[in-house]
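Subject: Handing over the structure

Dear colleague,

I am passing a structure on to you, together with some notes on what was found in it. Please look at the sequence and the coordinates first, and then read on.

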Number of protein chains: 2
Amino acid sequence: MAEYKAPVDDMSFVVNELLDFDGLEALPGHEEFSSELVEAILDEASKFAGQVVSPLNWPGDQQGLSFKEAEDGFNEVHTPEGFKEAYRQFADNGWGSLQFEPDYGGQGLPFALAIPVQDMWHAANMAWGLCPLLSQGAIEAIEANATEELKQRFLPKMIAGYWNGTMNLTEPHAGSDMATLKTRAERTEDGSYRIFGQKIFITWGEHDMTENVIHLVLARLPDAPPGVKGISLFLVPKFLVDDDGNPAERNDCRVLSIEHKIGIHASPTCVMSYGDNGGAVGYLVGEENRGLACMFSMMNNARLTVGLQGISIAERAYQLARDFAKDRPQGVAPGESSIGPIIKHPDVRRMLLTMRALTEASRAVAYVACSSVDFRTKHPDPAVRAYHDARVALLTPIVKGWSTEIGPEVSSIGVQVHGGMGFVEESGAGQHYRDSRILPIYEGTNGIQSMDLAERKTRGDGGRAMDSLIAEMRETINTARENDNERVQNMVDLFAPSVDALLKVKDDLIAGAETDVYLPGSISFNYLMMMGIICGGWQMLRAANVAQRKQSDPATAAPFYANKLDTAHFYMANILPRYLSYAAIIGAGSATTMALAEDAF
Amino acid sequence: MAEYKAPVDDMSFVVNELLDFDGLEALPGHEEFSSELVEAILDEASKFAGQVVSPLNWPGDQQGLSFKEAEDGFNEVHTPEGFKEAYRQFADNGWGSLQFEPDYGGQGLPFALAIPVQDMWHAANMAWGLCPLLSQGAIEAIEANATEELKQRFLPKMIAGYWNGTMNLTEPHAGSDMATLKTRAERTEDGSYRIFGQKIFITWGEHDMTENVIHLVLARLPDAPPGVKGISLFLVPKFLVDDDGNPAERNDCRVLSIEHKIGIHASPTCVMSYGDNGGAVGYLVGEENRGLACMFSMMNNARLTVGLQGISIAERAYQLARDFAKDRPQGVAPGESSIGPIIKHPDVRRMLLTMRALTEASRAVAYVACSSVDFRTKHPDPAVRAYHDARVALLTPIVKGWSTEIGPEVSSIGVQVHGGMGFVEESGAGQHYRDSRILPIYEGTNGIQSMDLAERKTRGDGGRAMDSLIAEMRETINTARENDNERVQNMVDLFAPSVDALLKVKDDLIAGAETDVYLPGSISFNYLMMMGIICGGWQMLRAANVAQRKQSDPATAAPFYANKLDTAHFYMANILPRYLSYAAIIGAGSATTMALAEDAF
C-alpha cells in the first residue's frame, strides 16, 4: 500500500488563512515565525512522516510488541523492527521540541505549528505517534508545575525526545473516576517520596525506544483528604538520574503485563507496578494534594492532540480508500459507457467526499482551537489571554469528542470503499478501523467530554463562551453574505439556520437543567456532536469564502481553491444537515432516556 | 464473559403479534405450526445457542483457523476446538432443516420460524453460524433449479446439515461485478461439466466440520454470450457422491489459502481453485447461461439472513454492554448520592437504549419481511403471492442494508460502554466490533443494496411497491390514533411526518432521475438509511400499540409490555429523527457529490 503523503497544501491553508496568522507572528517569542518557516517545516516533516514513520505502520501492527518476562522482575517490552531507530532520528532531528520553551532546549515555536507536524506523525503511524503525544503532556505538566531543579534535571532530555513521558491515572478498580484512587505516596526525609500501587492503561509505560521513561503518577499521601482533593502528582523516573543528568540506578517500578488490544498493536499499553521492593522514588510535582489540577494542565492539551489523532487517521484512511477507488475497476458507472474505476460511481464519490469533508472540517476546527493555546499563553494583553483561555476551554471537548468520532467513522467508510478487500487485513483499511476505535475512549471518554461541554463549559459560565462563539459564527455569516458568489450564498443559506438551532439548544439546556438533573447527561452527547458539526460548518464557510475570493482573482487562482469550494459545499449539503437530527433528539429531553427501569435493561 | 441468552420474549412477541400469525398458520403445509410450537422451538434453540454455540465464540476468535498445506495439493483447514462437535450436534438435532421441504427431509416449518432460530446462532457465534447460512442459500438454489436427480443426490444430506453448501461468485479481478467473470466450464459426453478457475472470498469453502462441501459455482461455457447473460451455475462437490449417496472420489477442487481478516476469525474465507488437474466435475443447476438468475434465488434469502446477522450481533453486543454497565461502579450519577454502576449515568442509558431500540426495531422489520417469504411461496391466492413477492423484493435491501449498518454501529457503542476495557480484546466487545464489520460488505455491499432499492425496487415499478408500503404505514398511524394513550399519541406525532417525508423523497427520486443520471447513486445510500429508520419506526409504533393495549388490560399486563413501550418511545424520540438529516441530504441532490473533479480526489 502507498505511504502517507501529508496534505501540506490543506495544512498550510488552514494555518495561513483560517488562523490569525498575523496575530500569531506578532506574539512575543515568535520573532522567527513566518509563512516561509511554516512551509519549510511542514515540508521537512512531511518527508520524515512519509519516508520514515509511515513505512513502519503496517509492519508494526502485524509484528506487534513482544513482552519479555525477566527474572529480576524488570520485564521488558520490545517494539517492532525499526521503531527505535525512527524514534532516535525523530529526536536527533528535533521534531519533539518544536513548541517547547527555549529555556530547556525547546524551539519556542507556536503550538499552532507543532499541531500540523504532529498531525503528520499520527497519520503516518498512530501507535508510534502516541509516544511523543504522551511525552508532550508530561513535559507541559512539569514545565507548569515542577520545581526548577526538577525541570533542569528532566526537561532537557524529555524535550529533546531522548526520554519519554507517561501519564499514570487509571487504576484497576476505576477508570474515569479519580475520586477512588488508591496508589499511595509516603514522604521521606530527603524530601522525595516513595510510591506504591498499580496503574493500568499506561501508554508507552515500558519499551526500548528511549533511554529513560518519566512517569507522572497520581497518588495519595497518608494524611490526604478523601476524594479528588487528596491526590498529588509525582514524577517517577524508570531510572533515577545522577547529577550529570544521566540515567543511573533502576527505580522500583516495572511493567507487569501489556494489554492485548483491538488496535494500536505497536503501542504498549502497560500495567505498571510501583513500589514492589520498598517504594518507587518519586518527586512531587506542584503542591501536595493539588495533583489533579497539575494533571489537568497536561490533560487539556493531550485532549486536543488526541482529537487531532482522529483527524490524522481519517486523512490516512481517506488516502488509502481514494487510491483504491481510483485503481479498482468495476462496473459501468452512470453516464459512462464502459467499465471504469469505482471512483466513477456516485455512491463511492459520496463515501470519499464524506471522508474528505469530515477530515478537512475537523482539521480546521482543531488547528484554530490550538492556535488559541498560543494566544492564551503568550499574548501580552490579559483580556486577550482570557478570551482565548475561554475559547480553548470550550473547544477542547469538541476537538477531542467530535474529531475522535470522525476517526472511526471515516476509517469505517474507508473499509467499505475497499469492499471485500477492506475486511482483509492486507489492505490496511482494517488497521485504521481497529486503531481508531480507541480514540473515543482514551483521554476522557466522549461521554465525559460531552458532560464537560454541557456542564462546565456551557452551564458553568451561564453560556457566555457559547454566546461569544455563536456571535463569531454570525460575523462569518455576515462576511460571507457580502460575497456575491452563488455557491457561497447557498452555503450561507445552509449554514445560518444551524447557528440558530445551536443557540436554541444551548438556551434550552441552561434553562432545562435548572429543574431536570437528568437533562445534561441525556442530551450531552448529541449536543457535543451538534456543536462539532456546526463548528465544522463554520470553518468550512470561512474556508469557502477565502477560497472563492482567491479563486476569482487570476493572480491567486489555483486548483486547490476550486477543490476547497467543492469540498466545503459538499460538507454543507451532506454533512452539516446532521444537526437537524441532533437538534430534534436533544429537543426530546431526558424523558425517554430515563424511563426504562434499571432492572429491565 | 456471560454467554448469550436469546431474547425469546422479544422474538415471540414479534412472531406472535407483529407478523400475520393467523395467516401463517393457515398456509398449506403449516398444519403443525402453532404458537405452542413456536414457544417450544425457540426455547430449545435458545438452550443450544446459549449452552453449546455461544461458549465457542470467544475461544474460536482467539484460536482462529489453522491452514495445513498438503503435499497432494488438497490443503486442509482446521476449525477451532469444539466447532466440529457443535456442528454435528446441530445437524443431529435437526436445527438445519426447519424450513426446508419435507420431500428431501426438511421439516416444512415457516421461514418466519427459522429466522428467530437463526438469529440465535448468529448471535451466539457469528463465524460458526455462517456455515448454515451459506448452506441454506445453496439448498434453496438447488431446490428451485436443479434436476430431480441432483436434488435426490445432494439435498437430503445438505438439509440434514451433514454437508454444507457454498456460493462461488467472486473472482480475484472483480468483486461485485459479475459481467467480467472468467471461470470456465466445459461440456463432457456424460452430461456433466468440467470447471476451471479461481474463486475468492468463499465462506466455509474448506474445513473439517462436515463430511462434504457442496460448491455452487458460477462459470462461463465456451460458447456463452459475453456479460451476465453468459453465466451458468454448477454444483461442484468436494467429494463426488456414489450411488449410495456417500462421499467417494475427491473432486478436482481445493483451497489455496484462507484470508487474514479483521474479524470472524473462525470462519474460513477461502481462495478456491477448480480444475488444476483436468477439471473439477460439475453438474449444471438450471439452464445453461441462466446461472445468474439461479444464483439470485439463493442470494435473495441470503441477503435477508445476512441482514439478520446485523441484528443478532447487535443483540449480543447489547447484552455484553448491559451486563458490564450494571456491574461496573463508577462516579456518582445525577440524582444519586453515592458511587453506583455506570448504568445510572444518563449518557450510558442513552448508549444502551440506542443499542436496544435499534436491535428491537430492526428485528421486527426483518422478521416481518421474512414472513412474506412464506406467503409468497405458499399462499394459494396468486394475488397474495404477488403482493408478498413485491414486499420481500422491496424490503430485502432494507433488511440487508439497514440492519448491517446497525450491527457495527451497535457493536461500536458496545465497545464505548466498556470504556478502556472495551479496547482490550478480553472484554469480548472488540470481537463484535471486528466481526460485524464484514456485514455491510458481503452479500452485496450496502452501496449495491441501496442502488437496488433506488433503481430496481423504487424506480423499476414506478414506485408502486413503495406506495403500498407507505399506505400501510398510514393505516398503522390511523389505528394508533384510535388509541387514546398519551404516549402512543406522542409516538404517532413523531412518526407521522416521517412518512410524509418518505413519500416526498420517493417522488423526488422518481421525477429527478428522469433528467439526472447521477441522482439515484448520489442519494441511494441515504435513501436506504431513511427507509430503514422509518420502517423501524413503523414496526415500533405497531409494537407500542399492541403493547399498550396488552398493558392496559390487567389480564394480559406484563413487564415486557411496559418495557416495549419505553423502548419504542425512546426509538421515536432518539432514533427516528435521523430521518430529518437523511431527507435534507437527499434533498440536496447530486450536485455537490458530482462536483469535485476526479483527479482532485
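Is Asn289(A) buried, partly exposed or exposed? With a relative accessible area of 22%, Asn289(A) is partly exposed, where buried stands for under 20% relative accessible area, exposed for over 50%, and partly exposed for what lies in between (1.4 Å probe, protein chains only).

Before going further, please bear in mind that this is a predicted model, in which local features need pLDDT of at least 70 and side-chain atom pairs count only at pLDDT 80 or more, while totals for chains, interfaces and linings use all residues. Residues are numbered from 1 along each chain as its sequence is written, chains are lettered from A and ligands numbered from 1 in the order in which they are written, and side-chain values use heavy atoms, with hydrogens and water left out.

Chain A as a whole

The secondary structure of chain A consists of 20 helices and 12 strands; helices (H or I, at least four residues) and strands (E, at least two) are DSSP runs, numbered from the N terminus. The C-alpha atoms of chain A occupy a box of roughly 75 × 60 × 55 Å along the principal axes. For 601 residues a compact globule would have a radius of gyration near 25 Å, and the 24 Å of chain A agrees with that; the radius is taken over C-alpha atoms, and the globule rule is 2.2 Å times the number of residues to the power 0.38.

Of the 601 residues in chain A, 65% count as buried. Among the contacts of chain A with a separation of 6 or more, 75% are made by residues 24 or more positions apart, a contact being heavy atoms within 4.5 Å. The accessible surface of chain A is about 19,900 Å², and 50% of it belongs to carbon and sulfur atoms; such areas come from the Shrake-Rupley method with a 1.4 Å probe, and for residues only the protein chains shown count as cover.

Chain A carries 51 positive and 80 negative side chains, and the centres of these two sets lie 3 Å apart. Lys and Arg count as positive and Asp and Glu as negative, without His and the chain ends, and each charge is placed at NZ of Lys, CZ of Arg, CG of Asp or CD of Glu.

Residues in chain A

To return to Asn289(A), this residue lies in the loop between strand E12 (280-285) and helix H9 (291-327) of chain A. Asn289(A) has a positive phi of about 65° although it is not a glycine. Most residues other than glycine have a negative phi.

Glu143(A) belongs to helix H7 (residues 126-145) of chain A, and it counts as buried because its relative accessibility is 15%. Leaving aside residues up to four places away in sequence, Glu143(A) touches Phe100(A), Glu101(A), Lys151(A), Leu155(A) and Ile159(A). Glu143(A) and Gly275(A) are 132 residues apart along the chain, and their C-alpha atoms are separated by 26 Å.

Strands in chain B

In strand E3 (residues 163-168) of chain B, 6 of the 6 residues are buried, so this strand is largely enclosed by the rest of the structure. Both of its faces are covered, with Trp163(B), Gly165(B) and Met167(B) buried on one side and Asn164(B), Thr166(B) and Asn168(B) buried on the other. E3(B) pairs in the parallel sense with strand E6 (residues 212-219) of chain B over 6 bridges, where pairing requires that DSSP finds at least two bridges between the strands. Within this pair, Trp163(B) stands opposite Asn212(B).

Strand E12 (residues 280-285) of chain B is mostly covered, since 5 of its 6 residues are buried. E12(B) runs antiparallel to strand E5 (residues 193-203) of chain B, to which 3 bridges join it, and Arg194(B) has Val281(B) as its bridge partner there. Strand E7 (residues 232-237) of chain B also pairs with E12(B) in the antiparallel sense over 3 bridges, and Leu233(B) stands opposite Val285(B).

Residues in chain B

Asp244(B) is found in the loop between strand E8 (239-241) and strand E9 (247-250) of chain B, and it is exposed, with a relative accessible area of 67%. Val348(B), in helix H10 (residues 346-378) of chain B, is buried at a relative accessible area of 10%.

With kind regards
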